[in-house]
Amino acid sequence: MSEAARSLLQRWGASFRRGTDFDSWGQLVEAIDEYQILARHLQKEAQSQHNNSEFTEDQKKTIAKIATCLELRSAALQSTQSQEEFKLEDLKKLEPILKNILTYNKEFPFDVQPVPLRKILAPGEEENLEFEEDDDEGGAGAGSPDSFPARVPGTLLPRLPSEPGMTLLTIKIEKIGLKDAGQCIDPYITVSVKDLNGIDLTPVQDTPVASRKEDTYVHFNVDIEIQKHVEKLTKGAAIFFEFKHYKPKKRFTSTKCFAFMEMDEIKHGAIVIELYKKPTDFKRKKLQLLTKKPLYLHLHQTLHKE
């Protein structure tokens, strides 16, 4: 077994166990998140070209079926229907198969098919991997699971139609201050609106890759249209900004830091907000500032009211 294959299997196994642990503990948001991230990366490996893969075509078919089962379990956790769900006990049967994928030669225990080929995100567009280690910043963060259709990073959503008496919010992301701004490869920002439990209240949006890097700043100058009227946002909601960049040595996209803006900070004009260390804490319970230096996320808000 090559070192690369061994490393992949260790990471996949650790992520699989975290997901099933969260699942058994009743931490469903975290379990769904873990399952979806792992499923995406298994699918990516299953769809990789032969010369770029550590696995045979038959092994990749099995990997793809495991990804399908992860998606089925994730869907079951989000479903209100009780019949024909893919159960945790079923999923746990797949852990030894994933662990021993290089020698596994039996019939797959479930009658599932690999998910049809789909667009695989290019480097710089991937979701971050929670189980990847980051040399200088600790473990990478993982966002909450998508409750909305799959998105293509760099595709922002248009402003909602106006309603009488209701307020829409446009946030221009101007720039972010980082001590190593010039070293960030293909940086972009994921914007989401979460309730106090970290659940998405609007579709998640990704900015295009930054327009330029200069000294200690990464410049974006891009408008984000928040996909809910301000008056309809739940009490305690917050708007999150996750700064992500591509790490070529590890071939994945990492969350470097995050920032958030709470409802009482929504007001017309410029605002600078503090940066926090990953992993992204959507529940805002264990926050650690990224740096003591005066480096921030620079935004400009525009309120539109009929």
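Which residues in H2 meet which residues in H3? Before the answer, a word on the model. The structure is a predicted model, in which local features need pLDDT of at least 70 and side-chain atom pairs count only at pLDDT 80 or more, while totals for chains, interfaces and linings use all residues. Residues are numbered from 1 along each chain as its sequence is written, and side-chain values use heavy atoms, with hydrogens and water left out.

H2 packs with helix H3 (residues 57-78) at an angle of about 155°, the two axes lying 8 Å apart. Helices here are DSSP runs of H or I, at least four residues long, numbered from the N terminus; axes are lines fitted to C-alpha atoms over the stretch in contact, and angles run from 0 to 180 degrees between N-to-C directions. The angle therefore makes H2 roughly antiparallel to H3, a label for angles over 145 degrees.

As for the opening question, contact means heavy atoms within 4.5 Å. On the H2 side sit Leu 28, Ala 31, Ile 32, Tyr 35, Gln 36, Leu 38, Ala 39, Leu 42, Gln 43, Glu 45 and Ala 46, and these meet Lys 60, Ile 63, Ala 64, Ile 66, Ala 67, Leu 70, Glu 71, Arg 73, Ser 74, Leu 77 and Gln 78 in H3.

Then there is the other pair. Helix H1 (residues 3-25) packs with helix H2 (residues 28-46) at about 155°, with axes 8 Å apart, so H1 is roughly antiparallel to H2. Residues making this contact include Trp 12, Phe 16 and Phe 22 of H1, along with Tyr 35, Leu 38 and Leu 42 of H2.

Note on methods. Helix = DSSP H or I, 4+ residues; strand = E, 2+ residues; numbered from the N terminus. Parallel < 35°, antiparallel > 145°, perpendicular 65-115°, else oblique.
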